[in-house]
Amino acid sequence: MSEAKKLFIKTYGCQMNVYDSERMAETLGGSGYETVETADQADMILLNTCHIREKAAEKIYSELGRFKGLKAAKPDLKIGVAGCVAQAEGEEIMKRQPMVDLVVGPQSYHRLPEMEAKVTEGKKALDTDFPEEDKFEHMPKRPKASRGPTAFLTVQEGCDKFCAFCVVPYTRGAEVSRPVERILTEARELVERGVKEITLLGQNVNAYHGLGKDGPMTLDQLIWALNDVDGLERIRFTTSHPNDMTDALIAAHGECEKLMPYLHLPVQSGSDHILKRMNRNHTAEEYIRLIERIRAARPDILLSGDFIVGFPEESDADFEDTMSLVREVNYGQAYSFKYSSRPGTPAAERALVDAAVADERLQRLQALLSEQQYAVQDTMVGREVSVLFEREGRLEGQMVGKSEYLHAVHVTAPNTARGDIRKVRIVNTERNSLGGELI
Ligand code: SAH
Ligand code: SF4
Ligand code: F3S
């Protein structure tokens, strides 16, 4: 028997890329590959890339540069680029970095085995199609081996929203929802392999409308169907758009036992002028009213968001509107970014805000968001939460897991195992985690 070939995948970007990397590894398993943890052991290196901001995309070229030595030492080492940079730049990548053998866009991963075979013959392989078929249906079933207690499951791909700053509708293509039965089957397979918590993924996941037995089903209906899967204990979903938060989905947050009280609902800006120029199709006031309705359904929900500062035309007053919105909402967690101009998007044509001004705004916003994060963490002290243990901690007998609110919690819990869910009292808070005791 020939020895397994070694595959090293490095993943950048969002959770959908994390999910895709797992599925690509499983697919290449059929071509005799097993995954390894470092590039220098590999027969094939795949970078699963992100195009969302300029820095993310440029990082790929410097990363590729670092493989020069490896390729020189092992001439038949295969180097591939997958993901959103692959989709956006295609052949350009091979021109800029001739040692790249393979470029594959996010909708063509099921074709990796043929592409790998082509590279083995000494040819280059490029595929950035948007094929009709559902790639996941042409990839192997999830492997039988047991795995960690949490998993991602992509239920929807692409985006039709065309926010003026964003590359996703171009790199991932139009919104497509996977059929309900396929998702339920995959969820059951994951549960059989020890998964207790599933996070449903989509760039615009709450617009989900996959085919069910009696026609299209919405995300709340899919969540209710998953609620009936025995052995599945927790359901999450990300990322959502405010305009697709339906009454039924809001209600599910109050009524569905397995749906966790955490919601990532990006608003990007608190200024109506900027929201309009971003093509977000709602006002700041509408977002705040929406948050009120969500909190009415589930008062303890932890809210998370994304913000862009320094979007073209953003004035001091626009930025102050973002700061007021943040003060009004009070986020438990959030991401904020300086605007990055992306080729091919409508906003790329517009004049940039002065970089120093944008930097200063980002610092102020991040300070406020951190302050809110720590204040929310402080309110957890003394409270009883349930924690799903994901791994052993650094200290003897310590376990680390996530609470319902997605806080990382360190607990001294000898005689427990990964996958256990235990009641825990929070006793202290650190920068990015909480400490708790078993009850
Ligand atoms: N589909 C998700 C998020 C997609 S990208 C949503 O609509 O919320 C994740 C985040 O990256 C976005 O929410 C946005 O805050 C940020 N982002 C996207 N494009 C950007 C750009 N050109 N510059 C800076 N940040 C950007
Ligand atoms: Fe990008 Fe907007 Fe779609 Fe999110 S909703 S992926 S920000 S275009
Ligand atoms: Fe990045 Fe593509 Fe995800 S651009 S954020 S990896 S969809």
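1. By class, the shell around ligand 2 is made up of seven nonpolar, two polar and two charged residues. This description rests on a predicted model, and the residues concerned are C159, K161, F162, C163, F165, C166, V168, P169, Q203, H241 and R280.

2. Around ligand 3 the surroundings consist of C14, N17, T49, C50, H51, I52, C84, R172 and Q203, which divide by class into four nonpolar, four polar and one charged.

3. R178 is placed in the loop that runs between strand β9 (176-177) and helix α8 (180-192). With a relative accessible area of 5%, R178 falls under the 20% limit and is therefore classed as buried.

4. Two polar contacts of the R178 side chain can be checked directly in the model: one reaches the backbone oxygen of T154 at 2.9 Å, while the other, at 3.0 Å, joins it to the side chain of E186. Leaving aside residues up to four places away in sequence, R178 touches Y19, R23, D134, F136, E137, L153, T154, V155, I183, E186, Y208 and G210.

5. Residues 378-439 carry the annotation "domain: TRAM" in UniProt, where the entry is unreviewed.

Note on methods: Residues numbered from 1 in each chain as written. Chains lettered and ligands numbered in written order. Predicted model: local features only at pLDDT ≥ 70, side-chain atom pairs only at ≥ 80, totals over all residues. Heavy atoms only, no water. UniProt positions renumbered as here; feature names shortened; annotations may be inferred. Near = heavy atom within 4 Å. Nonpolar A, V, L, I, M, F, W, Y, C, P; charged D, E, K, R; others polar. Helix = DSSP H or I, 4+ residues; strand = E, 2+ residues; numbered from the N terminus. Buried < 20%, exposed > 50% of the residue type's maximum accessible area, 1.4 Å probe, protein only. Polar contact = N/O pair within 3.5 Å; in protein donor to acceptor, adjacent residues only side chain to side chain. Contact = heavy atoms within 4.5 Å.
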